[in-house]
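Hi,

Here is the structure I promised to pass on to you. Please open it alongside this email, and then read on for what turned up in it.

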Amino acid sequence: MVFTKELEDLVYGIKLSSVGPGRVTGSDVVHDLSGMDIAMKLHYVKVVYFFSSQAAQGLNLTRFKEATFDCFCDFYYTCGRLRRSESGRPYIKCNDCGARYIEACCDMTIDECLQMKDFYSDLQKLLVSQQVIGPELTFSPPVLIQVTRFKCGGLSVGLSWAHILGDAFTAANFMNRCGQAMARLGSNTPANLQYKSNTQHERSKNPLPLHDEPLSLKWVDPVGDHWIVSNNCRMDTFSFHITASQLATLHSEISGRNRSDQVPIFESICAIIWKCIAKVKLGEETAQARTVTICKKDPRKPSKGVVTNTQIISAVTLDLSVMETDPQRLVTLLVNEAVDERMKMEEVVERDDGVSDFIMYGANLTFVDLEEADLYGFELNGYKPDLVYCTVHGVGDEGAVFVLPAGPKGSGQANGDGGRMVTIIFPESLVPELKAELAKKGLGQGDHDLT
Amino acid sequence: MPPSSPNFSSSVKLKYVKLGYQYLVNHILTLTLIPIMAGVLIEVLRMGPEEILNLWKSLNFDLVQILCCSFLIVFVTTVYFMSKPRTIFLVDYACFKPPMTCRVPFATFMEHSRLILKDKPKSVEFQMRILERSGLGEETCLPPAIHYIPPTPTMEAARGEAELVIFSAMNSLFEKTGLKPKDIDILIVNCSLFSPTPSLSAMVINKYKLRSNIKSFNLSGMGCSAGLISVDLARDLLQVHPNSNAVIVSTEIITPNYYQGNERAMLLPNCLFRMGGAAILLSNRTSERRRAKYRLVHVVRTHKGADDKAYRCVFEEEDKEGNVGISLQKDLMAIAGEALKSNITTIGPLVLPASEQLLFLLTLIGRKIFNPKWKPYIPDFKQAFEHFCIHAGGRAVIDELQKNLQLSAEHVEASRMTLHRFGNTSSSSLWYEMSYIESKGRMRRGDRVWQIAFGSGFKCNSAVWKCNRTIKTPSDGPWADCIDRYPVYIPEVVKL
């Protein structure tokens, strides 16, 4: 990413160091990666937390660093480095090398930053590291944490978390643990991490017939040890808020006559946006073009303790054209007919022992439901973040839509409670048209337009 | 493979011969005195009580003679007790335990090295090879300023490290001994490479509000053996000042001395030196006799600086690019061996039992007069000491000393494990090693400990301590949380 000179200078005073586990992990400890982990290797979860000056006042950054050391004692596998076994399958050697810790300063206030025109496309990339794994696998940190201090006294914490280690839910869980570790610094109670270590993975004996391949996984050209996919067209990022009242409007639009129906919020938003995108993109002839991938949290597994890729990845294909389908029908389809593709994905990855390279986000238009991610659970000094921004780096050409809560629960409508923040990664050339379509639906306008 | 029968029986016989010889020579006085006393007793019994009384009366003592004799006896006794050097007690000591946030695993060190020296892959390769064979573990610590890429060794950071290390150790010492800051009469701080103004001893006086008539000293530039030099200085001062407490702080501040260039001979210390410090309380007060842990028996200092090669073998200088670093010459081990021999020659007669000294003397005479080709007899120091604390300067130093002094693996275990857990902490490493032996519960009353340290110059200093009371395994201290994992097996080459 090449930034303009002025933009680059906004964030300065960069100091790099490493944070690792406070306890020695031991020699020859290895973390094996499951098929699902390896399928995600070209993606990176990025989360940026913004804290007001009130929260950051008197915050001792040394204590924060100490807390991450404490936290990494349990998440020691995220501090290791990637190696390849003889067959080429990647695994993590838990050598306590650590995460990269970046300290920076910014001469603007947080509000000024957020109001900048190209904040979501460019500036936010300065607040969280864009470093990817590779070209040297053994010396690339999979986790990078950046703490930036702003002129107003507020600060931002930017977490770059390689998707191979876990999904956004895992990343958010890790940060929440850091916040908790900081609160209890001084007491020696170790957090109990229910570490799920995956050992041998058996290869599927029968190759799948071709028509049973997962729709959500797409092969890409081999990237070797430099784990980032290059898009065929430039991708742009933009975000907007949907307030609770706007959601209510949407709800009534979709449910139509049956107002008493419980229409799920995430699927409603997806349906509307899907229709807008379908209008903007040309070509709905192939079934692939009418397929979307949905990522949601798996409600079965406990949210505390499990540390790998467990989100439900499902795909939905429409028989008819999207533009001709009404929103309510879309919502029903998204809720009822999404097929869980995780088993198929694992089998495909295991077929050649994890050597091939795939992408999931952006293989089809991907909708990611982060409402249950507890992103606002990361507290500093007892304060919740004012804003949390979460996205994935390394999204393919079909684009992705991320739906997050707009503010901490119970913080009141003014602070986003009950609303949603939507981030869309889409080919740059089609973004203006998409914004226009969304505006027609009443989305992306008004005070909360943060493009 | 079992030894063949004749060899085995002959070696057993040799062992008994040796034991017999040692017992004979070491207890020669007792063995000669007993027959004489027996003879006298038999004679007395034979003579009978009347004859003894007659003998007594015939001696013709008068009052003046008796008074003169008793006066002489009292005079001699007084002179003896007055001129006896005061006993120096080591009441207790505390070692600094670095926080876990300062931990430097191998992988982190190498990754940082690659990023800092990205234009010099050969230097990085060299550092990796050193680290693999160094004998260090994954828990050694560097100060916070060195964790940055690139390191930020400002003076403020160096002072920060000094405060962290020294104040931690001092607080620990105060807690352990119940010492009040106002009771410190003598303060000696030794830190070789960081010498700010005001001195580190002034920093300690300022922090703890010590008395204005305190005798404070700051030793800098004296290398890794400065700890024992401080002990020697404290001992001399405590001879002059009765009823006094002396606190010694031994440390090495790494922040300002991290070599930033890429000259190989100078990169070596970066790989080995780690954060550490110790605070020791010495006293000559008789009230400390009961609770003191050790008694100082001897301090022997040897300086080979007169020899040019010895003087230059550890040298601080600038490299071609102007970076200051400590250059270690290739003949370091040979010079260390020479210095050790010199030191042993002086300390041998002071500590070795008579049997060993006799053998050494005989072999020496034999080599000089009869046949120079006779192998020099290396006295068995294991008979003089129960515990050895060899400065953990590096794996090579410990190996060399183990070979020269013919020590077993258990004798050098304290040194090796300290090198593994804490790295080379310079002058304080001897105290971590003592702490290791105590933590393992091996220190018994009457045990003798030999501390040997090498330092730039080239110096070899030794101190001999005698354990005053059996020491219970401490519940705190630098080894408290990890002693159960030790001893560990340290492979020749660690796979990184």
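In chain A of this predicted model, strands β2, β5 and β4 form an open sheet in that order, with antiparallel pairing. The edge positions go to β2 (30-31) and β4 (81-84) of chain A; each has a single partner strand, so one side of each is left without a neighbour in the sheet. If you want to find the join between β2(A) and β5 (residues 90-93) of chain A, look for two bridges between these antiparallel strands. There, A:H31 stands opposite A:I92 of β5(A).

Staying with chain A, have a look at a pair of helices. Two packed helices are described by the angle between their axes and the distance between the axes. For helix α9 (residues 265-280) and helix α10 (residues 327-336) of chain A, the axes come within 9 Å and cross at roughly 120°. That angle makes α9(A) oblique to α10(A), and the crossing in which α9(A) passes α10(A) is right-handed. On the α9(A) side, the contact is made by A:E267, A:S268, A:C270, A:A271, A:W274 and A:K275, and on the α10(A) side by A:P327, A:L330, A:V331, A:L334 and A:V335. By type, the residues of this contact divide into eight nonpolar, one polar and two charged.

Now to chain B, starting with its own helix pair. Helix α5 (residues 106-116) and helix α6 (residues 121-133) of chain B have axes that come within 10 Å and cross at roughly 165°. An angle over 145° counts as roughly antiparallel, and α5(B) and α6(B) are therefore roughly antiparallel to each other. The crossing of α5(B) past α6(B) is right-handed. From α5(B), the residues in contact are B:F106, B:F109, B:M110, B:S113 and B:R114; α6(B) brings B:V124, B:Q127, B:M128 and B:L131. Six of the residues in this contact are nonpolar, two are polar and one is charged.

B:I390 stands opposite B:I452 of β10(B).

Most residues other than glycine have a negative phi, and most peptide bonds are trans. B:N243, a residue other than glycine, has a positive phi, near 50°. You will find B:N243 in the loop between α9 (226-240) and β4 (245-252) of chain B.

- UniProt places "transmembrane region" at residues 20-42 and 63-82 of chain B. Residues 20-42 are 96% helix and 0% strand, with end C-alpha atoms 28 Å apart. Residues 63-82 are 100% helix and 0% strand, and their end C-alpha atoms lie 28 Å apart.
- UniProt lists "domain: FAE" for residues 80-368 of chain B. This span is 43% helix and 19% strand, and its end C-alpha atoms are 39 Å apart.
- UniProt lists "domain: Beta-ketoacyl-[acyl-carrier-protein] synthase III C-terminal" for residues 386-466 of chain B. Here the chain is 40% helix and 25% strand, and the end C-alpha atoms lie 10 Å apart.

Best wishes

Note on methods
Residues numbered from 1 in each chain as written. Chains lettered and ligands numbered in written order. Predicted model: local features only at pLDDT ≥ 70, side-chain atom pairs only at ≥ 80, totals over all residues. Heavy atoms only, no water. Axes fitted to C-alpha atoms, helices over the stretch in contact; angles between N-to-C directions. Helix = DSSP H or I, 4+ residues; strand = E, 2+ residues; numbered from the N terminus. Parallel < 35°, antiparallel > 145°, perpendicular 65-115°, else oblique. Left-handed = near helix turned anticlockwise from the far one by under 90°. Contact = heavy atoms within 4.5 Å. Nonpolar A, V, L, I, M, F, W, Y, C, P; charged D, E, K, R; others polar. UniProt positions renumbered as here; feature names shortened; annotations may be inferred. Pairing = 2+ DSSP bridges.
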